Amino acid sequence: MSARARRAKCVWRGSVPRRRVVLLLALLIACVGDLLAQARSAAGFAFLYVPSSAGVPRRWNQAALSDGRVPWRISAGIARNVTGDRSALDVLQAAFSRWEDLPTSSIRFAFDGTSKTRNRSAGDRVNLVTLDTTESLGSGVLAATFLTSDASGNLLDVDIVFSRDAAFSTSDTVDPNSYDLESVATHEIGHLLGLEHSGLARATMVPFTDRGEPQQRTPSDDDRIGASLLYPEAGFLAGTGSIAGRITEAGAPVYLSQVVAVRAGGPVVAATYSAPDGSYRIDGLAPDVYVVYAEPLDGPIVPGNVAGFRSAFGDTPSTGYGTFFH
Ligand SMILES: [Ca+2]
Ligand SMILES: [Zn+2]
């Protein structure tokens with residue numbers, strides 16, 4: 001670390017909608033089998049790690065899937081809070097395609113039909129997207145994704161549940177009075193891939209949205225790199241580099257600082273969080289000159305938004321420090 005800067009609210013702050021709604025609780029269901037005791041450093045990026053694993057990411061084992069594709073089904077019923085020009089199925093297929101279309105990621109999906117089951121089940125091994133749940137997700141939560149993996153992080157079942165308490169619009173042209181179903185679905189599918197929340201306001205994985213806001217339909221560089229690290233196309237890893245370091249404050253490691261890589265003179269590219277020993281690593285960066293800075297999770301994203309990271313590395317973030325640049 002070199003210069004210490006003012007306790008800045010970072011550049012993206014101004015573009016975060018003033019009225020924010022919690023978009024998602026990535027509830028991490030306990031793993032099947034024993035947890036890996038093996039400790040690892042934060043191996044780049046923010047994923048939904050196996051609890052207590054200190055860095056074993058959850059991901060689909062594409063080699064074990066039929067045709068290498070993650071199958072999913074949609075609830076046969078669609079609740080009345082979902083309205084608009086397109087069918088909910090069309091919107092979901094568009095949202096899955098957003099991730100399939102990333103040129104550096106190999107993730108692929110297979111629509112497997114409708115399901116008469118309206119509620120999630122971790123044990124049925126059906127990856128259900130339900131817009132017909134009888135479950136209450138809680139106040140302010142638009143949707144939630146529930147992941148089940150084995151101890152090695154292989155995902156076994158992921159269900160996405162949309163709230164019945166929020167107005168969703170399926171229309172391509174956004175409805176200012178409703179939440180954009182395609183945006184919220186694209187975010188939730190990011191969790192289905194294994195992505196944790198990002199604090200970058202332009203990221204699909206930022207945990208907030210607002211009515212009439214379609215921005216999260218389009219994965220940002222941060223999202224693309226995360227998906228590509230989990231499911232790399234041939235050549236992606238060889239063609240990119242990493243930035244790694246350690247965040248300290250007066251010699252003490254800083255845990256759960258957001259570390260952001262910015263292309264010199266250009267846009268914010270990617271971010272991750274520091275591990276309990278202060279270490280961080282951002283992989284998947286195209287060759288260029290980057291500025292890196294670190295800031296506390298004191299808003300808009302807060303430690304409560306990264307429960308997946310904390311369940312893997314430890315619960316108590318460092319506090320009482322400002323923003324660092326280097
Ligand atoms: Ca299921
Ligand atoms: Zn989320």
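Me: In this predicted model, how close do the axes of helix α1 (residues 88-100) and α2 come, and at what angle do they cross?

Reply: Two packed helices are described by the angle between their axes and the distance between the axes. Here the axes of α1 and α2 come within 9 Å, and the crossing is at roughly 50°.

Me: Which residues make the contact?

Reply: On the α1 side they are A88, V91, L92, A94, A95, F96, R98 and W99. From α2 come L181, E182, A185, T186, I189, G190 and L193. By class, the contact of α1 with α2 has 11 nonpolar, two polar and two charged residues.

Me: Which residues coordinate the zinc ion (ligand 2)?

Reply: The zinc ion (ligand 2) is coordinated through NE2 of H187, H191 and H197, at 2.0 to 2.1 Å. The spacing of these donor residues in sequence is H-x3-H-x5-H.

Me: Where do H187 and H191 lie?

Reply: Both lie in helix α2 (residues 181-193). H187 and H191 are four residues apart, about one turn of the helix.

Me: Is H187 buried or exposed, and what about H191?

Reply: Buried means under 20% relative accessible area. H187 has a relative accessible area of 0%, so H187 is buried. H191 also counts as buried, because its relative accessibility is 0%.

Notes
Residues are numbered from 1 along each chain as its sequence is written. Chains are lettered from A and ligands numbered from 1 in the order in which they are written. This is a predicted model: local features need pLDDT of at least 70, side-chain atom pairs count only at pLDDT 80 or more; totals for chains, interfaces and linings use all residues. Side-chain values use heavy atoms; hydrogens and water are left out. Donors are N, O and S atoms within 2.8 Å of the metal (3.2 Å for Na, K and Ca); water is not among the atoms, so sites may look incomplete. Helices (H or I, at least four residues) and strands (E, at least two) are DSSP runs, numbered from the N terminus. Buried means under 20% relative accessible area, exposed over 50%, partly exposed in between (1.4 Å probe, protein chains only). Axes are lines fitted to C-alpha atoms, for helices over the stretch in contact, and angles run from 0 to 180 degrees between N-to-C directions. Contact means heavy atoms within 4.5 Å. Ala, Val, Leu, Ile, Met, Phe, Trp, Tyr, Cys and Pro count as nonpolar, Asp, Glu, Lys and Arg as charged, and the others, Gly among them, as polar.
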